[in-house]
Amino acid sequence: MHLPSNLPLIILILFFGYLFKETLSQSLQNDDLIFPQMYNEVATEIETTQSSEQIKTLQSSIDTLNNIILETRADRASLNEIKNQMVEWHNIIVSIELKNLEADNRLKTQLDLGDIWRSYNERIAKNEADLEKLRQENEILQRQARNDAIMIIELNEKLETQTLLSSECLKWFQQSGAQPSGCLLVGQKTAILTIQIPGIQDPFSVLCDADVKGPGWTVIQRRLDGSVDFYRNLSDYRMGFGDLNGEFFIGLDKLHQLTMFQQHELLVRLQFFNGSTQFASYDNFIVGGEQQDFALLSIGEFSGSAANGLLWNLNRKYTTRDSDKDQIINRNCAEDCHGAWWYSFCGDTNLNGKYYNEMISRREDSIMWAKSHNIKVVDMLIRPKLNRS
Ligand SMILES: [Ca+2]
């Protein structure tokens, strides 16, 4: 048997080919190769190749295959990396979507709250409009109530006036034969009126006032500006003096006749330089006649915002600069106080005192009411009392 001369070489090639095939197969299996067909073709070709050229070609193919494997591995790593990146992006997208969903929910909640807020605002606006309407209606009702109250007061005053005229006054006028007169007839007006009363021979003028506290008041004394001198003798105080359009005193004789005739109220209004006003009212004011030295016989019950300035004057005689009837020996309060009054002791009430046309420190000769001074305007008014006791 003739053996080829290159048999050992062929055997060696076949051995290494087989060995390489096994190695490659193992490697490809381990790496989970994705080209099995190519591998089989190469392996088959190795088994059948008989020449070194073929082996070289085969080796080249193997190298190519290795490169492809390596590239495939690299691609797979890249793919894994891309896959991981995509998973990460997916997670990010999911996270963003979740946040968007939360934002949408928050926006929806805010929109719902906005609707509720607008609803509340609309209700508040409606309530405010209703409240304003009620307030306006209330104002109208209050105005009507005030007008009604004023009308009732006016009607009461007219009724009071008419009642007085129809009972006490008219009865007296009928008995005395005089004509009905007096400030009660003037009603709502402030005016100068000529009246006639028993005990006074001639008619005389009086100032009727309806501004201080309703109608029907007769002003008996007024201090306004110091234009009239009140430091006078008894004769002047008996007759009265001054100007009915300014400062004056009605006179003690008239005051006696007016207050002895029927029960009278006395109203004193005090206006101070600081702008405040105080009132003092007495419900039974009676001045005695000449035989009683024009004593203050009665003041009745006191009321008002001012102090009871006549408290110490009750039952005191009238003292002037020339007729000392006060309670202090060797002193004439009219002189000390520069006035005339029902003085008991000096320095208490002195409405006929000296007029100071400015704020002053307390002075005994100034106009005072229960030691209160700085009085700018004084009004003393009387009016027949309705319910005679
Ligand atoms: Ca005296």
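Helices and strands here are DSSP runs, counted from the N terminus, where a helix (H or I) needs at least four residues and a strand (E) needs at least two. By that rule, the chain has six helices and eleven strands. Keep in mind that this is a predicted model, where local features need pLDDT of at least 70, side-chain atom pairs count only at pLDDT 80 or more, and totals for chains, interfaces and linings use all residues. Residues are numbered from 1 along each chain as its sequence is written.

So what is pLDDT? It's the predictor's confidence in each residue, on a scale from 0 to 100. The chain averages 84, and 80% of its residues reach 70 or more. One stretch to treat with care is residues 177-181, where pLDDT stays under 50. Where pLDDT is low, the predicted coordinates should not be read in detail.

Next, let's talk about inside and outside. A residue is called buried if 20 or more other C-beta atoms lie within 10 Å of its own, exposed if 12 or fewer do, and partly exposed in between, with the C-beta atoms placed from the backbone. Buried residues make up 23% of the 389 residues in the chain. We'll also talk about contacts: two residues are in contact if their C-beta atoms, placed from the backbone, lie within 7 Å. Looking at contacts between residues at least 6 apart in sequence, 48% join residues at least 24 apart.

Now for the core. A nonpolar core is a set of buried Ala, Val, Leu, Ile, Met, Phe, Trp, Tyr and Cys residues joined through C-beta atoms within 7 Å. In soluble globular proteins, nonpolar side chains tend to be buried together. The largest core in this model has 51 residues, and W217, I220, L266, Y318, M380, L381 and I382 touch the most other members. Strand β11 (residues 375-384) gives the most to this core, with five residues.

Two strands pair if DSSP finds at least two bridges between them. Start at β1 (191-195), which runs antiparallel to β2 with five bridges; across that pair, I195 has F204 as its bridge partner. Then β2 (204-209) joins β3 through three bridges, again antiparallel. Here L207 is partnered with V219, and D209 with W217. Remember W217 from the list of core residues.

How many of the seven residues of β3 are buried? Seven of the seven are, and the strand is mostly covered.

In helix α5 (residues 252-261), the buried residues are L252, K254, L255, H256, L258 and T259. They pack against β2, β3 and β11, among others, and also against helix α4 (234-239).

Let's finish with some loops. L184 lies in the loop between α3 (52-176) and β1, and it counts as buried because it has 22 C-beta neighbours inside 10 Å. Its C-alpha atom is separated by 9.8 Å from that of D209, 25 residues apart along the chain. D283 sits in the loop between β7 (277-282) and β8. Is D283 buried or partly exposed? With 17 C-beta neighbours inside 10 Å, D283 counts as partly exposed. D283 and E265 are 18 residues apart in sequence, yet their C-alpha atoms are 4.4 Å apart in space. Not counting residues up to four places away in sequence, D283 touches E265, G300, E301 and K385.

N315, in the loop between β10 (302-303) and α6 (333-336), has a positive phi of about 70 degrees although it is not a glycine. A370, in the loop between α6 and β11, has a positive phi near 50 degrees, and A370 is not a glycine either. N315 is partly exposed because it has 14 C-beta neighbours inside 10 Å, and A370 is partly exposed with 16 other C-beta atoms within 10 Å.
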